[in-house]
Structure formats: C-alpha cells, structure tokens
Amino acid sequence: MTKLLTIPLSFIIILSISGCNIKGVANAFIDNHNERKELKQQAEEIVECFNTGDIDTFEAMFCEKVRTHNDLSLEIQNAFDCLEGKIVSYEYLDFGLVGSIQDGKYDEKKYNILLTILTSENKHYEIAYKRFFVNDFKPESIGIYQLRIWLKVQEIINGEIEYDEKLLYDIR
C-alpha cells in the first residue's frame with residue numbers, strides 16, 4: 001500500500017516544486033484528450049467525405065487561409081478523383097502534438113495525422129494532413145492547413161515486400 005501512495009505523492013511534490021500547478025496540468029491533459037477525440041472523429045468524417053464526394057463538409061474542415069487562397073472546391077474534387085474505388089478500411093495514426101507555450105498557455109498547437117487507406121480497388125493510399133488548434137501568430141491557419149495524398153505501390157523485391165510512394169495531390 002505504501003508503494004502505491006509513493007508514486008502519486010512524488011508526482012505531486014515534483015509538480016509543486018517545479019512551479020507547475022496541478023489544475024493547469026489537468027486542464028492541459030483534458031484539452032489534449034478532447035482534441036485527440038476530435039481528430040479521430042474528423043478522420044472518420046474525412047473518410048466519409050471521400051466515399052460520398054461531400055465537398056462542402058470537407059471544405060469546412062480547412063482553415064480560412066486555404067479556403068480563401070485556393071479554389072478549394074476544385075482542389076477537393078481533384079483530391080477525391082485521386083483515389084480509385086471507395087475506402088473500405090483505414091488506419092489512423094496521430095503523430096502527436098507539436099506546439100509552443102508562452103506565459104503558461106499554448107500560442108501554437110498543431111497535430112499531424114496519417115490515414116493509411118485500402119480501397120475497394122485494392123489500392124493503398126496515404127492521406128496526411130496537418131491541423132492547427134491554436135495559432136496566435138496566424139489565426140487564419142486554424143483548421144486543416146495542409147493535406148497530401150500518396151499512392152503506395154507494393155512490390156516484391158528479393159522475396160521482401162517493399163512500398164514505393166507517389167505523391168498524387170497536395171492542398172495547402
């Protein structure tokens with residue numbers, strides 16, 4: 001029982017000595033958890049947009065900067081056209097939070113996400129996108145600010161499976 005109490009108490013003492021307040025750490029943890037849930041849900045929505053051709057919903061996910069500097073509807077349609085078949089399965093990979101903190105709060109906070117996709121035509125693709133949750137330096141960049149699509153070609157070389165990637169589309 002003593003060992004079970006030692007670890008949490010040690011953690012609390014370290015936080016109090018280092019100047020971190022527990023409430024701030026807890027709030028940051030909750031914010032990051034909620035953002036990761038939102039990112040996972042957004043990935044599901046992106047897959048659905050590709051399968052249904054829903055340009056409007058997908059366009060709303062992008063940041064103001066991308067929406068106003070591009071013919072985004074056309075770019076999204078071109079991105080949809082890159083994939084052969086419907087998405088039948090995907091794997092979601094969150095590369096984690098990248099950010100900077102000023103005066104105890106984030107002034108820049110972004111995530112990099114990768115979707116590895118298999119379509120009904122047995123084609124493998126990767127969709128990588130970057131999303132800002134916070135950007136005090138460029139508020140018009142909050143949302144998805146870059147999306148890239150690669151075709152992954154599988155080859156067997158010397159009995160080993162290797163993948164070659166070909167960039168198909170890039171929106172930024």
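1. The core comes first. The largest nonpolar core has 35 residues, and F50, F58, F62, L115, Y129, I149 and I171 touch the most other members. Such a core is a set of buried Ala, Val, Leu, Ile, Met, Phe, Trp, Tyr and Cys residues joined through side-chain atoms within 4.5 Å. Buried means under 20% relative accessible area, exposed means over 50%, and partly exposed lies in between (1.4 Å probe, protein chains only). At least two residues of this core come from each of α2 (22–52), α3 (55–60), α5, β2, β3, β4 and β5. With 6 residues, α2 gives the most to this core. In soluble globular proteins, nonpolar side chains tend to be buried together.

2. A word on the model and its numbering. This is a predicted model: local features need pLDDT of at least 70, side-chain atom pairs count only at pLDDT 80 or more, and totals for chains, interfaces and linings use all residues. Residues are numbered from 1 along each chain as its sequence is written, and side-chain values use heavy atoms, with hydrogens and water left out.

3. F58 touches I46, C49, F50, I76, F80 and L147, leaving aside residues up to four places away in sequence. Contact here means heavy atoms within 4.5 Å.

4. Now the overall layout. The protein has 5 helices and 5 strands. Along the sequence the pattern is α-α-α-α-α-β-β-β-β-β. Helices (H or I, at least four residues) and strands (E, at least two) are DSSP runs, numbered from the N terminus. Among contacts between residues at least 6 apart in sequence, 51% join residues at least 24 apart.

5. The sheet is open, with 5 strands in the order β1-β2-β3-β4-β5 and antiparallel pairing. Its edge strands are β1 (87–102) and β5 (160–171), each pairing on one side only. Neighbouring strands are turned by 20° against each other on average, direction ignored. Two strands pair if DSSP finds at least two bridges between them. β1 and β2 (residues 105–119) pair over 13 bridges in the antiparallel sense. Y90 stands opposite I117 in β2.

6. One helix crosses part of the sheet. Helix α5 (residues 72–82) lies across β3 (124–135), β4 (143–157) and β5, and runs at about 160° to β5. Axes are lines fitted to C-alpha atoms, for helices over the stretch in contact, and angles run from 0 to 180 degrees between N-to-C directions.

7. The structure holds 7 salt bridges. Each is a side-chain nitrogen of Lys or Arg within 4 Å of a carboxyl oxygen of Asp or Glu. One of them joins E35 and K109, with the closest N and O atoms 3.1 Å apart. E35 sits in helix α2 and K109 in strand β2, so the pair ties together parts that are 74 residues apart in sequence. Both E35 and K109 are buried.

8. A second pair from α2 deserves a look. E38 forms a salt bridge with R131, the closest N and O atoms being 2.6 Å apart. E38 belongs to helix α2 and R131 to strand β3, so parts that are 93 residues apart in sequence are tied together. E38 is partly exposed, at a relative accessible area of 36%, whereas R131 is buried at 11%.

9. Last, a network and a total. R148, D170 and R172 are linked in a network of salt bridges. Of the 172 residues of the protein, 33% count as buried.
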